[in-house]
Amino acid sequence: MSGAVETTPADGGLMRVSSDKISRLMDLVGELSLSVSETVQSPDLLGLQLTNFDAAVHRLNMIVREVQDAATELRLVPVDDVFRRLRRMVRELERQTGKQIEMDIEGGDTAIDKLVADRLYDPLLHVVRNSADHGLEGPDDRRAVGKPEQGRILLSAAQVGSEVRITVADDGRGLARDKILKKAREKGFFGPDEEPEPSALWKVIFEPGFSTAEVVSNLSGRGVGMDVLNATMKALRGRIAVDSTAGQGTRVALHIPVSLAFLDCIILRLRHQLFAVPIDVVSEIAKPRPEDLVGISADTGSEMFRLRGAFIPVCRLDQFYGTPLDRAEDPPTQVLVVFNTSSGPIAVPVDEILDRQQVVMKPLIGRLAQVRASWGCALLGTGEVALVLDCERLAAGPSGGPQ
Amino acid sequence: MAQDTAEATKARPDGLPLREADNIDEMYLTFALGAEEYGVGIAGVTEIVGMQRIMSVPDVPHYIKGVINLRGKVIPLMDVRLRFGMPERAYDERTVVIVMDVGEAPIGLIVDGVSEVLEIPPSQVDRHTQFGRSSTRPVIAGIGRIGDRVAVLLDTEVLVADGDIALPAEMAA
């Protein structure tokens, strides 16, 4: 046991523990929490007179939750480790581009799962490279428009709820709206006369093979970097937001969950299938009256849900997955769960909302890798398995769509 | 730990004695589908379990019946009858799940029942020629002769992959 643990009195009682040991502990804590729920929800207990049981169960659940939190915390590292590596990279970029770049770091002490931190460097590197290479102007251009010669990149991190938001902001020329729009139209993301919202337009720069840089430098502009960013963010269950103002700069924000191990979910049932949805995307739960659901045959039978005067598109899971249920047998009153996604709210009808619980995530591998719009499988306290829905991809529709 | 149990199961499926010298690559686990006998290489088999509670998942082909939670591992189950286009059969107490690792990922094969573990040396395995369909890798790795019986040896990677395998017509021939 003592083999891999080293203590040095000088560093205030800090210990080096191998990450394998921590992973093992996390796994065990996961199994412990499953096993506890399995025990306390055991069907054998039905109908028994258990006077003090509920109080004991409550206490046990509290403790398990705290152990989970404590175990999760063990694996948290300051995001500054990643930021410092990027700072070194910026020095290199200064040399290669001949630009002067000042890199500021804020919130470097923000804690993030080591597994996330390890995978953040590459995608962040691409964002920073893009800022340095395309965003920031050369010293002469900057002087001409009245900016300080030295360009500025601000790298910041902050925790908001269960998410860490990392932003890379530069004070460069901003994204070239016309150029991107032209290219996006060429590639068929928008109609020739369509004027997309800025947030919708910026998203296309993450599409595979999308690059507007005329000169392919060895730094960036080959249109592959953004793919890497996209793929990593999907794997980390993160989101990307871009904002840009012409002449003033670009801001890329990555929203990433603090920990990948446990996920606070609500559990939904549709017929005999179980789904789990991360709690922070659920905006509300509604019980619709029949007249609140409006079918639109003109739009291939899509449906809208009327909620306080606003219309929210309805996404039926059975239709999304191409196995439509026989609607005639439907119990008329279903529950609608409204999810917040970056492309607006969607309403998903389910039969029942079962529970809210911390679930242990398992990746979809092998035969299950093809399941669309899912982050993975969630093992529930009952021993059942639910599919964790990725509401972003659900909102994008069965074929995927842009982003 | 899980490794150990897997090894243990591998070493004594159905109590058949194995000799030290046995070559694992020539060992097959045979199972029944209706009147037909099939075999898979024992090297990929991690364990054999009875029928479990299956939980249905969306977006998988009809022959993937769902997943089971096997001691914290989520394992998709393939009904091999349905995979081969054979008629579905209600699961009974003989129905078993052969849990395998195919290409790093676990899969459970639902079969009518396991028969035995056999050593079938390459000399006893005939290549199965598929008439007029040479473009795809066949699901049948060979036909093993066991005395006067035969077992159809399956290529589990093809079995588990998405491709079409129109087996029944061929088997009927």
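In this predicted model, chain B contains four helices together with eleven strands. Of the 173 residues that make up chain B, 30% are buried. When contacts in chain B between residues at least 6 apart in sequence are considered, 54% of them join residues at least 24 apart.

In soluble globular proteins, nonpolar side chains tend to be buried together. In the present model, the largest nonpolar core comprises 80 residues, and those with the most contacts inside this core are A:Ala276, A:Val277, A:Ala378, A:Ala386, A:Val388 and B:Ile98. Strand S10 of chain A, which spans residues 262–270, supplies the largest share of this core, namely six residues. The surroundings of A:Ala276 illustrate how such contacts are made: when residues up to four places away in sequence are left out, A:Ala276 touches A:Cys265, A:Ile267, A:Val359, A:Ala378, A:Ala386, A:Leu387 and A:Val388.

Helix H4 of chain A, formed by residues 114–135, is 22 residues long and extends 30 Å from its first C-alpha to its last, which is close to the 32 Å expected at 1.5 Å a residue.

Methods
Residues numbered from 1 in each chain as written. Chains lettered and ligands numbered in written order. Predicted model: local features only at pLDDT ≥ 70, side-chain atom pairs only at ≥ 80, totals over all residues. Helix = DSSP H or I, 4+ residues; strand = E, 2+ residues; numbered from the N terminus. Buried ≥ 20, exposed ≤ 12 C-beta atoms within 10 Å, placed from the backbone. Contact = placed C-beta atoms within 7 Å. Core = buried A, V, L, I, M, F, W, Y, C linked by C-beta atoms within 7 Å. Expected span 1.5 Å × (residues − 1).
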